[in-house]
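Here's a quick briefing to read alongside the model. Have the structure open and follow along.

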Amino acid sequence: MENVLRPLTVVGGAVALTLVIGWATDLLLRKADERHHETPLWGLLRRARIPYQLVLCTALLRGSYDQAGLLGGHRVGIGRTLTLVLIGSAAWLAIRIAAAIVETSYSRYASARAHRDPARVRRVRTQVELIMRVVSAIVIVVAAASMLLTFPAMRAAGASLLASAGILGIVAGVAAQSTLSNMFAGLQIAFGDMVRIGDTVVVDGEWGTVEEITLTFLTVRTWDERRITMPVSYFTSNPFENWSRGTPQMTGTVFWHLDHSAPLEAMREKLRDILRACPAWDGRACALSITDTTPNTIEVRALVTAKDSDDVWTVRVTVREEMLRWLCEEHPYALPRVNTAEAAPRPGHHLTDRTTPSRTGTVRPPSPDKTATPGP
């Protein structure tokens with residue numbers, strides 16, 4: 001009877017104690033979260049309750065397993081398994097706690113500077129996410145190494161592995177050259193302020209917003225909801241447009257091809273009326289001028305401004321549409337036209353002197369029987 005009660009008592013006591021401690025800890029964190037609404041730390045720490053309880057339960061079982069007397073013939077294997085689970089759950093818990101602390105620090109910084117310096121907030125956000133990825137990678141590597149060192153065979157082979165570490169490092173560096181270059185490029189992007197999460201960029205002719213930055217790749221969400229994934233090394237070795245660097249304010253252009261008789265002064269007044277009625281216009285500047293001319297049309301350009309790239313697009317399409325509608329209704333003569341009338345003959349020449357092009361492209365006079373007799 002004792003052989004049955006002792007394992008049940010040890011295992012059941014460890015599980016019950018884990019549940020009680022986990023419940024008490026979660027209750028304290030919940031009350032702290034309700035009292036301190038200004039910081040999300042306590043709510044974020046509650047996300048770590050699963051790895052926290054797993055660490056508690058595994059530690060209790062690992063410490064009391066020898067007293068349980070369960071499966072004595074497999075004591076070494078079970079003890080090593082519990083040790084591996086303890087190391088893995090501890091690494092999981094460490095990553096969750098670090099993420100909660102870093103996210104809390106970023107939230108406080110962002111709430112204090114979101115309105116004054118949004119570009120700086122996006123830069124810090126990019127740096128924070130890349131730092132968290134580096135910390136997670138370090139913790140995982142350390143945990144994996146600790147797990148391997150629990151095996152005696154791995155400890156015995158440590159000396160020989162250390163002796164060949166130089167050669168292995170060279171081989172690994174050559175094999176992972178592309179990965180390492182992307183990793184260093186990711187760190188360069190994070191701390192060099194080249195591109196940040198939320199920036200509006202133009203890459204390979206595609207306009208979009210930077211959605212995610214990792215140590216190896218970068219994701220751009222285009223205006224039509226597509227995702228373009230590119231290696232981060234591309235942004236350190238190729239030119240690209242960043243519309244959000246510095247200040248997000250933008251200046252946009254709108255072009256029209258109109259007739260030479262277009263009423264420019266009236267168009268300038270109409271442009272001001274259109275912009276005043278457009279909420280996306282920030283009121284900084286507007287202008288309208290002729291930028292080019294051809295024998296048939298003139299090129300008219302309007303300059304408009306907005307607080308960011310999304311609003312400048314809205315202002316541009318609004319101005320283009322409203323101006324064309326106004327021209328069609330009030331000044332249709334200003335729209336481009338194609339002259340189809342024949343030129344008037346020179347004085348002293350009759351219509352019979354005209355020449356007509358042949359089908360082969362050569363110029364020949366019309367035949368006498370098809371020549372029209374001029375009227376009175």
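In helix α12, the residues Ser309, Asp311, Val312, Val315, Val319, Met323, Trp326 and Leu327 are buried (buried means under 20% relative accessible area, exposed over 50%, partly exposed in between, with a 1.4 Å probe and protein chains only). Seen down the axis of α12, these buried residues fall within an arc of 145°, so they line one face of the helix (the arc is that of the directions from the helix axis to the C-beta atoms). Keep in mind that this is a predicted model, where local features need pLDDT of at least 70, side-chain atom pairs count only at pLDDT 80 or more, and totals for chains, interfaces and linings use all residues. Residues are numbered from 1 along each chain as its sequence is written, and side-chain values use heavy atoms, with hydrogens and water left out.

**The chain overall**

- The chain has twelve helices and ten strands; helices (H or I, at least four residues) and strands (E, at least two) are DSSP runs, numbered from the N terminus.
- Of the 376 residues of the chain, 29% count as buried.
- Take contacts between residues at least 6 apart in sequence: 64% of them join residues at least 24 apart (contact means heavy atoms within 4.5 Å).
- The average pLDDT of the chain is 76, and 72% of the residues score at least 70; pLDDT is the predictor's confidence in each residue, from 0 to 100.
- Over residues 351-376 pLDDT stays under 50, and the model has 16 contacts beyond four places in sequence for this stretch.

**More on helix α12**

- On the other side of α12, Trp313 and Glu329 are exposed.
- What do the buried residues of α12 pack against? They pack against β1, β2, β6, α11, β7 and β8.
- At 1.5 Å a residue, the 22 residues of α12 should span 32 Å, and the end C-alpha atoms are 31 Å apart, which agrees (the expected span is 1.5 Å times one less than the number of residues).

**The three-stranded sheet**

- β6, β8 and β7 form an open sheet in the order β6-β8-β7, with antiparallel pairing; two strands pair if DSSP finds at least two bridges between them.
- β6 (250-258) and β7 (281-293) stand at the edges with a single partner strand each, so one side of each is left without a neighbour in the sheet.
- On average, neighbouring strands of this sheet are turned by 20° against each other, direction ignored.
- Nine bridges join β6 to β8 (residues 298-306) in the antiparallel sense, and Leu258 has Ile298 in β8 as its bridge partner.
- Helix α12 (residues 309-330) packs on this sheet and touches β6, β7 and β8, with a direction that makes about 20° with that of β6 (axes are lines fitted to C-alpha atoms, for helices over the stretch in contact, and angles run from 0 to 180 degrees between N-to-C directions).

**Helix α11**

- Helix α11 (residues 264-276) lies across β6, β7 and β8 and runs at about 155° to β7.
- Which residues of α11 are buried? They are Leu264, Met267, Leu271, Ile274 and Leu275.
- Looking down the axis of α11, its buried residues fall within an arc of 90°, so they line one face of the helix.
- An α-helix has 3.6 residues a turn, so residues three or four places apart point the same way.
- Those buried residues of α11 pack against β6, β7, β8 and α12, while the face turned away from the buried side carries the exposed residues Glu265 and Arg276.

**Around β1**

- From strand β1 (residues 200-203), Thr200 and Val202 point one way and Val201 and Val203 the other way, and all are buried.
- β1 pairs with β2 (residues 206-213) in the antiparallel sense over four bridges, with Gly208 in β2 as the bridge partner of Val201.
- Two residues lie between the strands in the hairpin of β1 and β2, where Asp204 takes a positive phi near 55°.
- β1 also pairs with β5 (residues 241-242), in the antiparallel sense over two bridges, and Val202 stands opposite Glu241 in β5.

- Thr219 lies in strand β3 (residues 217-222) and is buried, with a relative accessible area of 7%.
- Ile87 sits in helix α4 (residues 75-113), and its C-alpha atom is separated by 7.4 Å from that of Ser146, 59 residues apart along the chain.
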